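Hi there,

Here is the structure I promised to pass on. My notes on what turned up in it follow below.

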Amino acid sequence: LISWLARHFSAEGIEAPQSVLSALIFRSGHGMEILKHEVEKLSAYAKANGITRLDEETVEFVASPTLECDAFALSGAITDKNREKAFLALADMQNRRIDAAEVLATLSRAFSELVIVANLLEEGMGIADIEALLKWNHYKLKFCSTAAKKWGSDKLFKASDSLRKLDAASKSGGASGYKMIEIF
């Protein structure tokens, strides 16, 4: 996908480094049809603003996020202990009518991935080694490693375990919907 995206941006006369293309894939997903439209949108934005070289900030500002990216934004707000940002992200997801069970599952996955990265970092692995081992794109790993270093595997494991318990409770008549995520 990286080389495919690079060719499309090049045809538009816009330079897009590999890190920016990885950020676009992380933000908008792997679907080629969706990415084609994101390239068109980013290209139009760049041309309208006299930009000849894209950066990650422009991708974040212009490109549409996937549920996975939204969940990382939500988990990022949570790991930063920024309640206002977390509730804004959650309200946005709710306004877009994203199913709460899907949000909880994606949030659980995001925290599980943070636990993995935290454990690997604590074992002494470097970012390049983790990237090679997990075969994740660099942008996602950069986000995960920052959060993992900040919190450590113990706190992240507890958060992941809490999400697991909320999921189980929601399936057995406990809290459900967005309320369970707000409780978390």
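Let me start with a definition: rings of Phe, Tyr and Trp (its six-membered ring) pair if their centres lie within 6.5 Å, with planes under 30 degrees apart counting as stacked, over 60 as edge-to-face and the rest as tilted. This is a predicted model, so local features need pLDDT of at least 70 and side-chain atom pairs count only at pLDDT 80 or more, while totals for chains, interfaces and linings use all residues. Residues are numbered from 1 along each chain as its sequence is written, and side-chain values use heavy atoms, leaving out hydrogens and water.

By the ring rule there are 2 aromatic pairs. One of them joins Phe 111 and Phe 184, and it is edge-to-face because the ring centres are 5.7 Å apart and the planes stand at 85°. Phe 111 sits in helix α7 (residues 100-122) and Phe 184 in the segment after α10 (178-183), so the pair links parts of the chain 73 residues apart. Helices here are DSSP runs (H or I, at least four residues), numbered from the N terminus. Phe 111 is buried at 2% relative accessible area, whereas Phe 184 is partly exposed at 26% (buried is under 20%, exposed over 50%, partly exposed in between, with a 1.4 Å probe and protein chains only).

Next, Ser 153 in helix α9 (residues 138-171). Ser 153 is buried too, at 8%, and touches Ala 118, Asn 119 and Glu 122, leaving aside residues up to four places away in sequence; contact means heavy atoms within 4.5 Å.

Happy browsing!

Conventions: Helices (H or I, at least four residues) and strands (E, at least two) are DSSP runs, numbered from the N terminus.
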